[in-house]
Amino acid sequence: MGKFDGVLLASDFDNTLIYTEEALRTGTPVPPLPERNRKALEYFMAEGGRFAVATGRALAAFIHYAEAVPMNVPGVVCNGAAIYDFEKGEYLETAMLDSSARERGQTVLDRFPTVAVEAYHIDNVIHAVHPNAITRQHERITKAAVTEAPSLMDVPLPLGKLLFEAEHETLEEVLAFLTARGWAGDYELIFSVSHLLEMTVKGANKGGMVRRLAARLGVSMEHVYCAGDEANDISMLTAAKQGFAPANCAQAVRDCGATVVCSAQEGAIAQVVEILDRLY
């Protein structure tokens, strides 16, 4: 029996577990997991804790980094569209977009010609329509090449997520357009960063999938803790017994009531484990 038996800790990947912002901006390699975080997670798991990654990335964009992250339970991928068992190499749950979402996404592209979209599948294929500089930068940082398609209607179903890519002002117009059409209420529409607008099926967010993961593991939500830095993490931060955020987090994350710890560069997850060590 360990002191963390029955405890689940779920963490965002980018800019929470590992600080990737500079790599995202410049195309430089993603840094390794901070050694402080590694040691803390190994201690947490040795004491019976369950650690999962909850990332907005598609499986294809995260799988290259998965082996470098110590985790002992399935994780949430695609911004809450799926739970994936990395040990078995299989999806446990999925929440997929239907054909109407694909049609509406193409309507957005027709209305906003500078917007690119990445269409995420549950396999390792990512399609891109109207790829732009943001798409190419995203390819470099995720190490996941996209397959170009002339339109979303040429992209096969099912889809876990649509990722719209453009400058923030343009994406705000996209969000307003979807809202004016009466479509926004059918989806989770969340900015993961300023130039990325994520679209998943209603209810498919990190909070919902962390709840499902906890239920699968037999862990009470009274012993679930989450960490994240961006707006797409808020659903899990507020679902958890206590949510944590690195000092480099967005203001919206601070405003949701998350406990702010040190920055991702300084080993935010290690500080979270230190806090849990005192609680348990």
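The lining of the largest cavity comprises 5 nonpolar, 7 polar and 9 charged residues. Here Ala, Val, Leu, Ile, Met, Phe, Trp, Tyr, Cys and Pro count as nonpolar, Asp, Glu, Lys and Arg as charged, and the others, Gly among them, as polar. The model is predicted, so local features need pLDDT of at least 70 and side-chain atom pairs pLDDT 80 or more, while totals for chains, interfaces and linings use all residues. Residues are numbered from 1 along each chain as its sequence is written, and side-chain values use heavy atoms, without hydrogens and water.

**Cavities**
- A cavity is a set of points on a 1 Å grid over the protein atoms alone where a 1.4 Å probe fits but cannot get out, and its lining residues have an atom within 4 Å of a point.
- The count comes to 2 cavities of 30 Å³ or more, a volume being the space filled by probe spheres set on the points.
- The largest cavity has a volume of about 240 Å³; of its 21 lining residues, Asp14, Ser192, Val193, Leu196 and Glu198 are the closest to its centre.
- The second largest cavity holds about 50 Å³, and its lining has 8 nonpolar, 2 polar and no charged residues.

**Nonpolar cores**
- A nonpolar core is a set of buried (under 20% relative accessible area, 1.4 Å probe, protein chains only) Ala, Val, Leu, Ile, Met, Phe, Trp, Tyr and Cys residues joined through side-chain atoms within 4.5 Å.
- The largest nonpolar core has 32 residues, and Phe44 and Phe51 are among those with the most contacts inside it.
- Another core, of 27 residues, lies apart from the largest one and includes Leu97 and Ala119.

Conventions. 1 Å grid on protein atoms, 1.4 Å probe; cavity = no way out; pocket = protein on both sides within 12 Å on 5 of 7 lines; lining within 4 Å. Buried < 20%, exposed > 50% of the residue type's maximum accessible area, 1.4 Å probe, protein only.
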